[in-house]
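Subject: Structure handover

Hello,

Here is the structure for your files. Please open it alongside this note, as the findings follow below.

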Amino acid sequence: MGMNKTHRPGRRGMGAALKFVAFMGIAASVMAHVRLRYSSTGAPLAWENPENISLVIQSDGSDDIGDGSHETAIRNAIDAWNSASGSRARIVESMANRSRRDWQTNNVHLVVFDENNSSGYFSGGSSIVAITPVTFFTDGRIIDADVIFNGKNFGFSTSGEIGKFDIQDVAAHELGHLLGLDHSGVCGATMYPYVDPIVILHRSLALDDQRGMRHLYPTGSFARISGKITRAGSGEVVPGAHVAARDGDGHIAAAILSDANGDFVLQGLDSGSYEVIVDPLDQPVSSSNLGGGQAIYTNFESKVLGTIAATQGQVAGMGTHTVGDDVSIQLGRVADDYPIRGVRGTVNNMIVRGSGLVAGSTLECSDPGIAIQNLSWNATFVTFEAVIPAGTPLGHADLIVTNPSGDTDFLVGGIQITPPDPQVTGVSPALGDAEGGTAVTITGSNFRSGLRVVVGNRIYRDGDTGGCVVQDSSTITLTTDDTIAGNHDVVVIDPTGVEGRRTNSFNVVVTPELETVFPMVGTLAGGTTINLTGNHFVEGTVVTIDGAIQANLVIDSPTRMRVITESGIPGGPYVLRVESPSGGFAESAFTFVDAPDPRITMVTPDASDMSGGQTVAVLGSGFGDNTRVFFGVDPRTGVGGSMASTEFIDGGQVRTVTPASSVGTTAVMAMDMETGQVSTLEAGFTYTGQEPVDGGGGSCAAVIVPGPPSWKRIIGGGGWILLALILGVWHSRMVLRPAVRAGF
Amino acid sequence: MRTLPLFAIALGLTVGFVLPAFFPSLRGSSQAGTALRLSLEDTFERSDVVVEGRVHSATSGEDAEGLIYTDWVLRADRSYWGEVGETFTVRLPGGVLSTGKGMVVPGMPRLTVGEDVVLFLGEESPMGMRLPTGLSQGKFRIVTSTSGDRTAIQTGEHVSLITARNTRTADGLDMLDYADLVARLEAMRQDRLTREVPPILVDREPAGGAATGVK
């Protein structure tokens, strides 16, 4: 981007500016971290009952994710905030209302992927990747917040695909807003305003983010450090100064902005000794990244204010510190990706942009154990190597630049020290059942306690009940929970957010379950419609009879499908196998007979009174002496209904007398009682009449007193059909549960 | 220490530098809200309307679905893209109702009645909203010093940084000479005119009726 001459008004301009600021009169109390505020009053926003903030992951998910891993990523992001020590805030996933998309409604808090701009936030070529509208009352109570991903204009990923945004990284940031945090001036914080597709380090919270949670929702009283920033000479207070505390390792422990009076209170600290610094909130984070409610001054020098001990439950006062004028050197630019990752035990090549980065300057890291070497100064950027010893504590350290004139600037939290990526070299076994229960061993390196393992839609956290166990730095064990089917990556995510992945390394197979096969007998000519009920019927399922693929297969739902048989060889029972794409299968039986199936084409008349006794003709083909007619059976399973007295007329007709029934349309089934072959006519007969009515409620309906049951009713029970099935296929061996589970 | 194989280095360089050089979308940096990190040129190109004016009034309301918005009426001084009349009403999400209920969208720039602004706005949504392009990147506040010089500052209404910036010069994202900004926008407009016809925009009535209040 081209550079532009920067306006530099004189002293009169500066004075006018300061008067303008005074006129604005924003007296917001700016405390630890940066909180969302109601800009008119400066009231900070927070949940009134943070212990149970319900959140619903909308069930449609993302068009980019087919394996449900977006839910896992979002749950990991939730977990990151819920794990912040010293915070009462808990985001609790609700499994209710998952189909709702009405994020505007205050009674549901959603994470939703908007694929077609239904939210109205992503019109045209929108540059917004995700957004979190927060609804509040003016007293500061948050009453609703929803995270909306722009699936219309951007791609999302859970596996590091180039050019796509990492769902967990973006979700972690947006959930920070949901909880009441604004952007942070610490480059390595999750609430740092900028993220990139290639950066995943915001998945894990920085101490600054965690201190923000301690400030908003503390579980107790933590150590604090207070002070005041004024300008040298004039004594004017400095609002909006970015003040940060470095711990004994030189890592950023907390940061705040000074308030309108120049006062600051670093919140949520552990007991210890801290070096406190002040830095203008200019590049790479600036006031444009913050919401309203506070004045931000940036025209002063960066400076170390001093070192102070802080004690649990107490405020350590630093008094007033002065800062001088702005200086001619600056480190950090919006265009850079922060934090810069420094891997423990390695030499890291780094580049940082800025201004006034001239030869003769010095560059240090606030962590004294990290050596900076091989510097090359280029005015607007500096390249260098950061040597990070293996034992360096994890966290965020500053870069400190000083020019030959002694002017200095800080890049606050610019380097994140991480361990090396976990390496996943083996997953054993490579196959598991969707119902879970598989003991899995993951081998590799750089495994650390507190890590998470992700398999499909499941997260296993080290140390949790039902989670995983880090046996040592090269071994993780876990037992799978019920998991979405598919060939999944096994992902090991370090607590810092860096990950190792072994792609397609664990195949979760679905084992179909068969509950009913109806009918279990059909003609050798084929064309018999078999209805199968059960569970886990998925696209790609294959049905075979005696090894022959039955090509005419329709899957109506995960619990129901239909097969129209191919021609077969008389005999049986043959094995009827239902096999899922992932290899799991269940078996039952089917018999081919050398006789045509009965076939009902018409019932005439097709309606009569519910009391029964109506003689009707059943027309069709394939009828015989052994044909019996049933009314009211379940056409999918053959269960239920009543057998009617049946008179054989010829192969194309039987005559029957309707049994009594309730009002409504019902199925009619013809069964050959010898072979078990059936034909069912759905909605084949309608019973009319008036059902007995409850006379309560002041209505005028007649009260019908039931009489003794008729003989037709007595013999019309479903037991007949059961008996027929037993007689017809007595030799069949019906296997209702899977015989063998693939892969074990 | 584990050494990187040459292949990995080459792949890393390709993915990190070469591809983004040819396919800018792969750079994909973003600013939370979260929005893409945009140059001024990108911001202009992605905008449906680029208008300069003074914020005249604001009225907040709530639509049938419960979305709280504010209609900001601008007295338009000039338009760099999209033909607008003397007044132009921009509906932004967020605001506060007279009931005390409000909504804020982190990353969204906030306008203030009386301020002079250049707004870069996206296409109008079915709900009538036009979001600033790149959220906070889609607003420049114009500030005039007592010497008469004007500066464009890319920031919220709470800005205090209108003093001289010694040598910590912003790299063009935070603060621009107003004349520079106008000149660059004019050049971008002329360039874009060779490729597109700007939309003609009819001002809409700001919100009125029930549940309104002035921010």
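Which residue of β17(A) does A:G227 stand opposite? A:G227 faces A:F264.

First, the ground rules. This is a predicted model, in which local features need pLDDT of at least 70 and side-chain atom pairs count only at pLDDT 80 or more, while totals for chains, interfaces and linings use all residues. Residues are numbered from 1 along each chain as its sequence is written, chains are lettered from A and ligands numbered from 1 in the order in which they are written, and side-chain values use heavy atoms, with hydrogens and water left out.

Helices (H or I, at least four residues) and strands (E, at least two) are DSSP runs, numbered from the N terminus. Two strands pair if DSSP finds at least two bridges between them.

The order β17-β14-β20 in chain A gives an open sheet of three strands, with mixed pairing. β17 (263–269) and β20 (315–323) of chain A stand at the edges with a single partner strand each, so one side of each lacks a neighbour in the sheet. From one strand to the next, the twist averages 20 degrees. Axes for such angles are lines fitted to C-alpha atoms, for helices over the stretch in contact, and angles run from 0 to 180 degrees between N-to-C directions. Strand β14 (residues 223–231) of chain A pairs with β17(A) over five bridges, in the antiparallel sense.

As background, side chains in a regular strand alternate between the two faces of the sheet.

**Around β9 in chain A**

Strand β9 (residues 141–145) of chain A pairs with strand β3 (residues 46–47) of chain A in the parallel sense, over two bridges. In that pairing, A:W47 stands opposite A:I142. Strand β8 (residues 134–137) of chain A also pairs with β9(A), here in the antiparallel sense over three bridges. A:V134 stands opposite A:A145 in β9(A). β8(A) and β9(A) form a hairpin with three residues between them. In its turn, A:G140 has a positive phi of about 105 degrees.

**Helix α3 in chain A**

Helix α3 (residues 167–179) of chain A has 13 residues. From first C-alpha to last, α3(A) reaches 18 Å, close to the 18 Å expected at 1.5 Å a residue (1.5 Å times one less than the number of residues). Buried means under 20% relative accessible area, exposed over 50%, partly exposed in between (1.4 Å probe, protein chains only). In α3(A), 13 of the 13 residues are buried, so the helix is largely enclosed by the rest of the structure.

**Single residues in chain A**

A:T523 lies in strand β39 (residues 521–523) of chain A. Its relative accessibility is 8%, so A:T523 counts as buried. Leaving aside neighbours within four places in sequence, A:T523 has contacts (heavy atoms within 4.5 Å) that include A:T528, A:F592 and A:Q677.

A:C187 is buried at 1% relative accessible area. A:C468 is buried, also at 1%.

**Chain B**

Chain B has three helices and 11 strands. Of its 215 residues, 57% are buried. Among contacts between residues at least 6 apart in sequence, 62% join residues at least 24 apart.

Best wishes
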